[in-house]
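Open your viewer and keep the selection tool at hand. We will go from stop to stop, picking residues and seeing what surrounds them.

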Amino acid sequence: MALSGVELLDDTHRLDGFDCGKPALNAWLSGFARTNQARGFTRVLVVHDARAVVGYYGLAPSVIQPNSAPRAVRTGRPPDPIPCLLIGQLAVDRRHAGQGIGSALVRDALRRCIAGADIVGGRAVVVRAIDAEAERYWQSWGFIAARDNPSVLMRSIQDIRLALGDAAH
Ligand SMILES: CC(C)(COP(=O)(O)OP(=O)(O)OC[C@H]1O[C@@H](n2cnc3c(N)ncnc32)[C@H](O)[C@@H]1OP(=O)(O)O)[C@@H](O)C(=O)NCCC(=O)NCCS
């Protein structure tokens, strides 16, 4: 069965059995994805195989403190806090790893962030890395750690807009 495109999570998607190798991200999908989306805390975008979710990410509006922001994000005299967009979760089932699903999800997330920032503003995309491996993953996408927290990384919308045409991912 061919994989789906990236879709908004709905009641027809199956969440059971998803395993990305990181228990917290498995538990978030089965325990919080539906309710958090229903309550407006986040949007959850999924790729599925015959309705079984094989990859997902969560997207939400967010803010960062100017003192946390690296120079590339903090330029000028930014407001406090700085409005941003957050990719709160990103995970791909281990049985489908290495097939480009993660990259497709990230590109989709970044495009949505640009579209969101075009409508309501937003200086940067912020991500929360679940561990050191995830920090390296986001660094490979050009994200820079917050000054006070290595597991929070960000990249300016401006920079992402320019880079999206890159062949790097
Ligand atoms: C990170 C993750 C989403 C990647 O998904 P995937 O579908 O296997 O990724 P892709 O097939 O698109 O691979 C894209 C590239 O990322 C690279 N990559 C994977 N993990 C990486 C890491 N920790 N650091 C740097 N690069 C990494 C791969 O080597 C691949 O590079 P290549 O195309 O040059 O070979 C997946 O491994 C996962 O769910 N991990 C557990 C959860 C997690 O750590 N999420 C990260 C954000 S919290």
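Begin with the ligand: select the 21 residues around it, among which Ala 97, Gly 102, Ser 103, Ala 134 and Tyr 137 come nearest. A residue is near a molecule if its C-beta atom, placed from the backbone, lies within 6 Å of it. Strand E4 (82-92), H4 and helix H5 (132-140) are the elements that give two or more residues to this shell. Helices (H or I, at least four residues) and strands (E, at least two) are DSSP runs, numbered from the N terminus. Which element gives the most to the shell? Colour H5, which provides five residues.

Before moving on, a word on what you are looking at. This is a predicted model, where local features need pLDDT of at least 70 and side-chain atom pairs count only at pLDDT 80 or more, while totals for chains, interfaces and linings use all residues. Residues are numbered from 1 along each chain as its sequence is written.

Next, colour the shell by residue type: eleven are nonpolar, seven polar and three charged. Here Ala, Val, Leu, Ile, Met, Phe, Trp, Tyr, Cys and Pro count as nonpolar, Asp, Glu, Lys and Arg as charged, and the others, Gly among them, as polar.

Now turn to the largest nonpolar core, which has 45 residues; Cys 84, Val 125, Val 126 and Met 154 touch the most other members. Such a core is a set of buried Ala, Val, Leu, Ile, Met, Phe, Trp, Tyr and Cys residues joined through C-beta atoms within 7 Å. E4 supplies the largest share of this core, eight residues.

Two residues are in contact if their C-beta atoms, placed from the backbone, lie within 7 Å.Select Ala 117 next, in helix H4 (residues 101-120). Ala 117 is buried, because 21 other C-beta atoms lie within 10 Å. The cut-offs are 20 or more such atoms for buried, 12 or fewer for exposed, and partly exposed in between, with C-beta atoms placed from the backbone. Beyond its neighbours within four places in sequence, Ala 117 is in contact with Leu 85, Gly 122 and Ile 157.

Finish at Glu 7, in strand E1 (residues 7-8). Is Glu 7 buried or partly exposed? Glu 7 is partly exposed, because 15 other C-beta atoms lie within 10 Å. Select Leu 45 and Val 46 too, which Glu 7 touches when residues up to four places away in sequence are not counted.
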